[in-house]
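Trainee: I would like to go through this model by question and answer. Please put the sequence and structure up before we start.

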Amino acid sequence: MKKKKQESAQKLPENEFLKKEREKEEKNKIKNKPIIFTTYVMVFMFLGLFCYIIYFMVVDADRVIANSGNKRQDAFEEKIVRGNIETSDGVVIAETLVDSEGNETRNYPYKDMFAHVVGYNSYGRTGLELSMNFYMLRSNINIFERVKNELREEKNPGDNVISTINYELQKAAYDALGDNNGAVIVIEPDTGKILAMVSKPAYDPNNIDEVWEEVHSEEGSTSTVLLNRAVQGLYAPGSTFKILTLLEYMRENPDYENYSYECTSSGVFNNVSIHCASDRVHGVVDVAQSLAKSCNTSFVNMGVTLDMEKFNNLCEDFMYNSELPYEGTYSRSSFVLDENSDISEIPQTVIGQGKTQITPLHNALIISAIANGGVVMKPYLVDSIENADGAVVKKYKSKSYKSIMEPSEAEILTEYLTEVCTSGTAADYFANVSYSVAGKTGTAEYDNQGNCNSWFIGFSNVDDPDIAVSIVVEDYTSNRTSGVSVAKKIFDAYYN
Amino acid sequence: MINIICELSKYFVLIFMALYTIKCFSYFTAKDKKSRDKNLNKQIVYIFLIHFFCYMIMFLRLQQMRILIFYAAQIFVAILYILIFHSIYKDASRLITNNISFLLLVGYIMLTRIDFSLAVKQFAFATAGLIVTSFIPAILLKIKNLKNWSVFYGIAGLALLITVFIPGLGISRYGSRNWIQIGSFTMQPMEFVKILFIFFVAAGLVKAVTLKDIIVNAAIALAFMLVLVLERDLGAMVLFYICYVMMVYLATSRIIFFIGGVGLGAGAIVLGYALFKDTLFSHVMVRVNAWLNPFQYQDSGGYQITQSLFAIGTGGFTGSGLTEGMPYLIPVDESDFIFSAICEELGVIFGLALILIFVSSFIAMTNIAMKCKKPFNKYVTFGIAVCYIFQVLLNIGGVTKFIPSTGVTLPLVSYGVSSVLSTLIMFSVVQYTYIIVNKEADKVEKEKARIRAEVAGE
C-alpha cells in the first residue's frame, strides 16, 4: 500500500494541498516513534505475562493445586474412587471400599497403628489423607480405560500413594511403645525417609466419627488422641540436649580433650544447686565420660563457661526457634537462653531442663544429621505415586536441607555417642546385640515432683548408619518403660 | 450423552477461540480492504459459534429456560449493534466493534455461570451503554474545539473524583474509598475520571508552549493522583501515572521522559513503601506480602490470590468445562478475579487467547493513534490505548500473581456498570478518531483523484 502511494505521488504533480499533506505525513512519522516504542514495550510485557502463565501451568501448577487449601479437590471425588495409601513394603494401610450399590467407605485395616501418619479423610482431613488428597483423587490409568469408564459413567480408580513408612518398623515401634503415651519416629539418615512414626494415645480412624464426637464433647475436651506427638508434641529434651552443650564446648575450647572434672554427685553453679541422676558419684570424668555417664554436674561445669550468644546461635543453627524442613503440621521447638538471660537459668538449660522444648521429629533430625556427617536431609513421608496398575507416576527424591556441623564434629560426636551405648547409660541394653549403636538417653523432668519422660535418640550401624530413632516415653517414673528399651526393640526388628 | 456433548463442545470453543485470535492478528497483515473484511466476517462467525457452544453447555448442564432466553437476547443485541453501528459509521474500525462485542459476550457467558442476575444487570447496562455511546462519535464530530476545554476537563475530573469523600455519598469497599452510592445504585467515579484525565492531559500538552505550561499541567495531573492515594486506590493511581508519563513522552518525543517517568514512579513506590507502609498503605502491604508469599498467608491476606491460583491450576489448559468448576470459591470472582474464573472453566488456553485479543485491540488503537495527524486526537487516542492495556496488565497480572494485585477490573469482561460504561466511552472516542483519520485520508484521495482527472483531461 505504501509503495502504491509513493508511486502515485511521484507520478502526479503536487499542488499546495497535497504538498502540505505530504509534509504532515512526514512529520507524523517522526511523531509516531514514541507510540511504536510504547507499543513494543507493552507487547513485550504481555509476552512476559504470557510466558509466566505457561510456566506456572507447566512447572508450578501441580504443586500449587495439590495444596490442601484447594477445595476443588473435593469435586474430583465425584469422578474418582480415592486411591490407596500403602507402606513401602506394599501393605495397604488405607483403602476405599465400594459396595455393590456404589457406596464408598474409607477403610484402615490396621486401625490405630498408622493413625497419625495416615490421618483421616473427613473433618478437614489430616496426615497423608490431607497432604496427598489431590494425588489420590487423580487417575493416571491408561487413556483407553479412562475413556471407557467415562463413557460408561463409571468412576476411575485414583492413584495410590506409596509412603516411606516400613510396615515392620512401624509395627515394632507401635508394639514397643505398648500402652504408654509417647512418640517414636524412625528416619533413614542419608535420605530423610521417615520409616516409622507412632504417636500414642492413638485412635482408630475407622471410627473417626465417634472419636471426633468424643474429643469435642465436654469430657473429651482434654483428650489429646488426635495430637500427633511425633511432630507436634513439645517436650523438655533432658539429657539428649547435652549433645549441643558438648558441641558448643568443643567449639569454644579446642583443647576439650584435656577437660577433666571430678563429679561428687552435686555442685552449686551460678547459685543453682545441681545433682546427678540418682545422686550417683561419677568421679573424675573427661568429656567422653561426661556424656557416656550423662554427668549433670560436669555438663553444668562446662555449660556455665559458654558464650551464651554463640550458644544461642548454635541452637538456632540446629533449628531451635525456627522452621523445620517438614511439609505438614508440626510444632516449633524453642530455646530461649541468650546473652541477656539471667545467669541462674544457665545451669538447668545446658542439661536440657528449663524452658527448652523440642519435638521428637526435631530431635530425630539432629541425631540423623550426626549420623549423616552433619547434613540434615529433608524428612519426607511419601516415596512415590503409582497409578492403579502399579506404574510409577511420580517419584519423590530425597533432598538435603542444610549442613549444621562439620563432618569432623559429627565423627567425634558419633564416637562419644557410641561410648554411651557401649560403656555408658545405654550399655546394658546393647550388650549382646549383632549391631552397633550410637545414641543418647535422656530423662527429662516435666514437673517439680520428679516425674520424668524418658528419651532416646540414636542410630544403628555406627560405621554406615542404617536407621536413626527418636523416642520419647511419657511418665517413665510410673511405667518404667525407657526410651532406650523401645529403641532396642526397633533395632532388633530391623536387623532380624 | 450430555457429558460427551459438553466435553466435545468445550474443545470446539477452544478451537474457535484460537481461530478468532488468529484473525485478530492476521487483520493487521491483510493486504487490502477486501481481505480484511473477509477476516472480520469470519471473526463474527467465530464469535457466534463460541457463544453458541458456551450457552449450549450451560443449558444442557443447568436445564434452565431462562438461559435460552438470555442467549437469544444477547445474540439479538450483538447482531443489531454490529450491523447498525457500521451502517451509521462506515469509517469506524470493525476490528474494534468485533472485539467489543466479543469481550462483552465472554463477560456475559461467565457471569451467567457465576450469578445469573448479575449477568442480566450487566447485559442491561452494557446494552444501554452501547446505544448511548454510539452517539459519541457523532457528537464529538460536531464539536470543533475539544482541545480548548482543558480547564473544564481538569475541574470536572477533580470534582468527580472528590465526590467519594462527600459523607453519605462515598463508600469504602475492599479497603479503598472509591465508590459513591446514590440510592441502590453504586458507581466508581474513577472509571469516568480517567477519560477526563486523558482529555485534560492531552489538551494541556497540545497547548503547552513554555516550561511553565508543562509544570502547571503536571501539577494538576499530580493532584489527580494525590486524590487517588487518599482514596487508597493505588491501582488507579498507577494507571493514571503511567498514562500521564506515556502521553508526555509522546508529546515531547523524548525518551528521557519515558525512562525518567518510569524510574521516578519506581522511586516513589519505594519511598511510599518506606514512609507509609504501616499507615496509608497498610492494605497495600497486605497485598504485597500476599504476592510475595501467598501460601504462607493463604487463610488471611493471601486467600484471594491462592484461591485464584488454585482455580487456574486446577482448571488446567483446557478448563473444567462451564459449570464444572468452583469459581465461586474465589472472592470477587464476578469482577476483579473474573479472569481466573474464565481460566478455570473455559481453560487457560482460552485465557491466553483472551490476552492476545486484548493486545490486538491495543495494537488497533495505537495504529489509529499513529495515523492521526491532529495532535490532540492523537494524544487522546494514545492515552486511551495505554490506559486500556495497562489496566488489562494490572488485572490479569494481579490475578495470576505476575504482579501484586491492585484491584482493577478487566475491561468489558468484569462485572461493573462504571467499568463497562467507561470502557465503551473510551472505545467510542477511539472510533471517533478513526473516523477523522479516514475522512482526512478520503480528502487526500479525492484531491488526488481530482488531479489525476485533470492530468488525464489535459
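Trainee: Which residues of α20(A) are buried?

Mentor: The model is predicted, so local features need pLDDT of at least 70, side-chain atom pairs count only at pLDDT 80 or more, and totals for chains, interfaces and linings use all residues; side-chain values use heavy atoms, with hydrogens and water left out. Residues are numbered from 1 along each chain as its sequence is written, while chains are lettered from A and ligands numbered from 1 in the order in which they are written. Buried means under 20% relative accessible area, exposed over 50%, and partly exposed in between (1.4 Å probe, protein chains only). In α20(A) the buried residues are G483(A), V484(A), S485(A), V486(A), A487(A), I490(A) and F491(A).

Trainee: Which elements of chain A are included in the cover over those buried residues?

Mentor: Elements here are DSSP runs numbered from the N terminus, helices being H or I of at least four residues and strands E of at least two. Contact means heavy atoms within 4.5 Å. The cover of α20(A) includes α9, β7, β17, β18 and β19 of chain A.

Trainee: What distance does α20(A) reach from its first C-alpha to its last?

Mentor: The expected span of a helix is 1.5 Å times one less than its number of residues. With 13 residues, α20(A) has an expected span of 18 Å. The model comes close to that, with α20(A) reaching 19 Å.

Trainee: Which residues does L130(B) touch, not counting residues up to four places away in sequence?

Mentor: L130(B) lies in helix α5 (residues 116-134) of chain B. At 7% relative accessibility, L130(B) counts as buried. The residues that L130(B) touches are V77(B), Y81(B), I100(B), L104(B) and L424(B).

Trainee: At what angle do α3(A) and α13(B) pack?

Mentor: Axes are lines fitted to C-alpha atoms, for helices over the stretch in contact, and angles run from 0 to 180 degrees between N-to-C directions. The axes of α3(A) and α13(B) are 9 Å apart, and the angle is about 115 degrees. Angles under 35 degrees count as roughly parallel, over 145 as roughly antiparallel, 65 to 115 as roughly perpendicular and the rest as oblique. Therefore α3(A) is roughly perpendicular to α13(B), at about 115 degrees.

Trainee: How many nonpolar residues does the contact of α3(A) with α16(B) have?

Mentor: α3(A) and α16(B) pack at about 15 degrees with their axes 11 Å apart, which means that they are roughly parallel. Ala, Val, Leu, Ile, Met, Phe, Trp, Tyr, Cys and Pro count as nonpolar, Asp, Glu, Lys and Arg as charged, and the others, Gly among them, as polar. Residues that meet include M42(A), F46(A) and L49(A) in α3(A) and F382(B), V386(B) and F390(B) in α16(B). The contact has 2 polar residues, 1 charged residue and a nonpolar count of 13.

Trainee: What is the handedness of the crossing of α10(B) with α16(B)?

Mentor: α10(B) and α16(B) pack at about 145 degrees, with their axes 9 Å apart. The contact between them has 14 nonpolar, 3 polar and 1 charged residues. The crossing is right-handed.

Trainee: What is phi of S278(A)?

Mentor: Most residues other than glycine have a negative phi. S278(A) is in the loop between β11 and β12 of chain A and counts as exposed at 64% relative accessibility. Its phi is positive, near 55 degrees.

Technical notes
Left-handed = near helix turned anticlockwise from the far one by under 90°.
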